Amino acid sequence: MRGRTRLAGSPFDPAEELSSFLQALTDAGAIVSFVGVARPQSGGGTAVERMFLDHHPRLTQQSLDEVADAASARFDVGAVRVVHRFGEILPGEPIVFVAAASRHRRAAFEAADYMMDRLKTDAVFWKREDAVDGSRWIEPTEADRADRARWSE
Amino acid sequence: MKILFYGRVGDMVGREARVERPSEPATVRELRQVLAEMHPHASEELMKPSLRACVGDTLVGEDFRVADAETVEFFPPLSGG
C-alpha cells in the first residue's frame, strides 16, 4: 500500500493525526505512532527561542514520500503516515508525526523506527536553532548516522 | 539566470540572486567563483565542496554546464528532519 505524507507549514495536532489515521484503517491489529517535539534547550543547554526548518519546494515532499514508500515496501504494514513541519517552530511544538499499522505489532514498531531513522538523516531540510546566545545550523549527529546505518542492506 | 540558496548559505548571501547568463563553457565551478566574488564575506562557504549544486531537482557535479539552466540551486549538507 502506498505511504501517505504531509508537509505542514503551520502547527498540527498529533492527536488529530493519529485519530484520522486510525479511522482510515481496515484490518490492522497494531498501530504504532511517534511524535517528535521541539526541545526547549539546545544541545549546549541554552534556551531555544525557535527552530527554523528550511525546505525545498519539491525535494522535501519527495524525500518524505520516499521514506514512507520505502517503509511500506520493506515491512509488512498496511498503512503508514508521515506529517512533518517546515518553517518556524516554537519549543514544545510537534515537528514530526509518524505512524504505522500492521496486523501484528512487530512490523508496526519496526516501520515506525525505520521511518524516524531515515527522516533524521535523509529528509530534505536545513534546520536552524535560534538560541539566546545565537543561531546555528544543525547537521545530523554521529548517533543519527549510526541509526541510519542500522537499516542498510 | 536565477540562483537559489538554502540553509546556512541562504542566511549569509540571501535566498535568491540573479547573475548574467554566462557564455559557454560555464560550469558550476566557474559559477561558484562568480558568486564568491559577488559575496566576498561568504566566499569560504560558497567554495566548500559540501555545498552541492542542483539543477532541475538533480544534484550535479562541478563540471556540469550551467549556461542553459533557468535556475541553479545550492544546497549545504542536509540537517535531516
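A:R58 makes a salt bridge with B:D57, with 2.6 Å between the closest N and O atoms. This is a predicted model, in which local features need pLDDT of at least 70 and side-chain atom pairs count only at pLDDT 80 or more, while totals for chains, interfaces and linings use all residues. Residues are numbered from 1 along each chain as its sequence is written, chains are lettered from A in the order in which they are written, and side-chain values use heavy atoms, without hydrogens and water.

## The contact between the chains

Chain A brings 21 residues to the contact and chain B brings 15 residues (heavy atoms within 4.5 Å). Together the two chains bury about 1,600 Å², 53% of it on carbon and sulfur atoms; buried area is the accessible area (1.4 Å probe) lost on being put together, summed over both parts. Of the area that chain A buries against chain B, A:L59, A:W126 and A:W137 supply 35%, more than any other three residues.

## The sheet in chain A

Now to the strands (DSSP E runs of at least two residues, numbered from the N terminus). In chain A, four of them form an open antiparallel sheet in the order β5-β3-β7-β8, where pairing takes at least two DSSP bridges between two strands. The edge strands of chain A are β5 (87-89) and β8 (134-138), each pairing on one side only.

Strands β3 (residues 48-55) and β7 (residues 125-131) of chain A pair over seven bridges in the antiparallel sense. A:D54 has A:W126 in β7(A) as its bridge partner.

Technical notes. Helices (H or I, at least four residues) and strands (E, at least two) are DSSP runs, numbered from the N terminus. A salt bridge is a side-chain nitrogen of Lys or Arg within 4 Å of a carboxyl oxygen of Asp or Glu.
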